[in-house]
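Please walk me through the aromatic contacts of this model, and then through the backbone of one of its loops.

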Amino acid sequence: MRRQRLIALLLLALLAGCAGPELRTQNGLGQAGLSIERALILSSAKQALGTPYRYGGETLRGVDCSGLVQMAYAAAGIGLPRTADRQFSRLPERDVARPGDLLFFGSGSTATHVGIYLGDRRMIHAPGRGRRVSITSLDIDYWHEHFLGAAGPAP
């Protein structure tokens, strides 16, 4: 199944030049339109704003990107694999990201970064060494160039 998906993506890439998957998002749900799990995920992620990046970290003392995601989803009672690449390869794909879904970035078919979609074309993530958990716009070229896909295990 994963191999067939990879072959299809390669064929689409050939047809579209160097374009990768399109980062499509859904807005307008508002807090009232979210499941309780999604509301908990977003609330937990927002509580981590300003937390320093720490490789392998998964607490408010320090987090890496997949640790932030794991911690936020745990607040909603949802367990996730530990690394961004395992999360990407094992979680159900979404064609359109909704608030609370995961957004994966990397090169080839390997996810090296993950963030949580907030809505309004923004995500919260742990950006890397020397930085802190923050919110960023998805309209930055870097995110479009490295986008691999979205996943959403939350109802």
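Phe 105, Tyr 142, Trp 143 and Phe 147 come together as one aromatic cluster, where rings of Phe, Tyr and Trp (its six-membered ring) pair if their centres lie within 6.5 Å, and planes under 30 degrees apart count as stacked, over 60 as edge-to-face and the rest as tilted. The model is predicted, so that local features need pLDDT of at least 70 and side-chain atom pairs count only at pLDDT 80 or more, while totals for chains, interfaces and linings use all residues. Residues are numbered from 1 along each chain as its sequence is written, and side-chain values use heavy atoms, with hydrogens and water left out.

The structure holds 4 aromatic pairs. One of them joins Phe 88 and Phe 104 in a tilted arrangement, 5.3 Å centre to centre with 50° between the planes. This pair links distant parts of the chain, since Phe 88 belongs to helix H4 (residues 84-90) and Phe 104, 16 residues apart from it, to strand E4 (residues 102-107); helices (H or I, at least four residues) and strands (E, at least two) are DSSP runs, numbered from the N terminus. Both Phe 88 and Phe 104 are buried, a term that means under 20% relative accessible area, with exposed over 50% and partly exposed in between (1.4 Å probe, protein chains only).

Tyr 142 and Trp 143 make an edge-to-face pair, 5.1 Å centre to centre and 80° between the planes. Tyr 142 counts as partly exposed because its relative accessibility is 44%, whereas Trp 143, at 8%, counts as buried.

Turning to the backbone, most residues other than glycine have a negative phi. Asp 120, although not a glycine, has a positive phi of about 50°; it lies in the loop between strand E5 (110-119) and strand E6 (122-125) and is exposed, with a relative accessible area of 56%. Arg 121, also placed in the loop between E5 and E6, has a positive phi near 55°.
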